[in-house]
Amino acid sequence: MDYKASERIQDLQYFGEFGGVNPSISDSSTYTFLSAKTMFDTFEGNTEGCYLYSRHSSPSNLYLGEAMAQLEGTESANVFASGMGAISAVILQLCNSGDHIVCSRTIYGGTYAFLKNFLKKFNISTSFVDITNLDVVENSINKNTKMIYCEAISNPLLEVADINALSSLSKKHKLPLVVDNTFSPLSVNAAQLGADIVVHSLTKFINGSSDCVAGAVCASSDFCLALKDVNDGAGMLMGSTLDSLRAASILKNMRTLHIRIKKHSENALYLAQQFEREGLKVAYPGLESHPGHETMKAQMNPEYGFGGLLTLDVGSLDKANALMEQMQQKKLGYLAVSLGFYKTLFSAPGTSTSSEIPMEEQEELGLSQGLIRFSIGLENDIHHTYLIMRECMEQLGILTNDSALV
Ligand SMILES: *Cc1c(COP(=O)(O)O)cnc(C)c1O
């Protein structure tokens, strides 16, 4: 498989208006036309390279879109004001009232709430299924189904979707496969593996500095143009447009994505291995014990590792809360949702990012209340982090002294 995403991003050259090595930021909401005819043609969608109004497109957003298209190897990409802005636009572009969606049952809480609750308004229904069981996925498809939706590595349970296999299935039924690749940029190239549309929350690893929310849709030129059609494009008409200044700052951060992902993965693998050795209940796709390990190995770009996310089940919500508070006091990171920051972030998804999922369903999924999701940071000395984490766990009785192998 051709995994040249970071080279493709690196090869992009943008010349600023005054020859700068950074593209100039287009700080304008509207654009002048030299003739009224050109303005009319632009509304009709007939003029390449003409800007109309910044909700439709702007130079800075197109630059970031180009980098996102290179990341996934798709023809095109549109950027959005948030990951949910991108996801909701894709879904509403593909589905009409009465339609049906087949979706993984372990997905981001916001996406789950959108599909399960919000889409009721439009009489669009969703079957939430075990995405790793292809028979179940296929049997859930009915005559109204309009798409298969999943996350490459799921939030928060880190289930790994077999994108190749799902792509064959979706092709057989002539359905688009939509993959959220927020957890695994560069590590997994979802489009190359057969996803038709790849969505990202840029808020996480891609921006990597936890200073804004943003999203992207990577897909064919036709689909990206359809999203911004002035007459019926969900992106254009729902209006979750990214600001130019933000697009420019995210583009700058993308230049270090390849270095950051390697470090996040290296640190996460180290901690996961240590925790497992101590007999803790750790889940990480890089561990052989992880049910998605083989699938991940078969579809990942080994250079970038198994990603920066791991989960640890410490048995109860009280213990999880106590451990997180203590780790924060010891400056190991922040008790905060989100991921992809330079510092380690931890939260208990059952009562935070997945609280949209009813308790019984959480239990069915294996999302226990003592589960902590870690987004491992860019620590230079991860062994030191590990020693302090283990000290916290000993104090709280999560680990006993005799399991010490240090
Ligand atoms: C955060 C997240 C989203 C939503 O993105 P926002 O930028 O917060 O709107 C979607 N999918 C996954 C997997 C996420 O982690």
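The legends below accompany close-up views of a predicted model.

**Figure 1. The two domains of the chain.** The chain is divided into domain 1, which covers residues 5-254, and domain 2, which covers residues 258-395. Taken over C-alpha atoms, the centres of the two domains are separated by 27 Å. Where they touch, domain 1 contributes 36 residues to the contact and domain 2 contributes 40 residues.

**Figure 2. The area buried between the domains.** Domain 1 and domain 2 bury about 3000 Å² between them, and carbon and sulfur atoms account for 61% of this area. On the side of domain 1, L158, S187 and F205 together supply 22% of the area buried against domain 2, more than any other three residues of that domain.

Figure 3. Between domain 1 and domain 2 the count is 1 salt bridge. A salt bridge also joins the side chains of K116 and E361, with a distance of 3.3 Å from N to O.

**Figure 4. The side of domain 1 that touches domain 2.** Four helices each supply at least two residues of this side: helix 1 (5-11), helix 5 (109-116), helix 7 (163-172) and helix 10 (244-254). Helix 5 gives the most, with 5 residues. Sorted by class, the side of domain 1 that touches domain 2 has 18 nonpolar, 14 polar and 4 charged residues.

**Figure 5. An aromatic pair formed by Y14 and Y63.** The structure holds 9 aromatic pairs. One of the pairs in the structure is that of Y14 and Y63, whose rings are arranged edge-to-face. Their centres are 4.9 Å apart, and the angle between their planes is 70°. Y14 lies in the loop between helix 1 and helix 2 (36-43), whereas Y63 lies in helix 3 (residues 59-72), so the pair ties together parts that are 49 residues apart in sequence.

**Figure 6. A salt bridge between K146 and D99.** For the structure, the count comes to 12 salt bridges. In the salt bridge shown here, the side chains of K146 and D99 meet at 2.9 Å, from N to O. K146 is located in strand 4 (residues 145-151), and D99 is located in the loop between helix 4 (83-94) and strand 2 (100-104). The pair thus links distant parts of the chain, 47 residues apart.

Terms used: Residues numbered from 1 in each chain as written. Predicted model: local features only at pLDDT ≥ 70, side-chain atom pairs only at ≥ 80, totals over all residues. Heavy atoms only, no water. Domains from an automatic or database assignment. Contact = heavy atoms within 4.5 Å. Buried area = accessible area lost by both parts, 1.4 Å probe. Salt bridge = Lys/Arg side-chain N within 4 Å of Asp/Glu carboxyl O. Nonpolar A, V, L, I, M, F, W, Y, C, P; charged D, E, K, R; others polar. Phe/Tyr/Trp six-rings, centres within 6.5 Å; stacked < 30°, edge-to-face > 60°.
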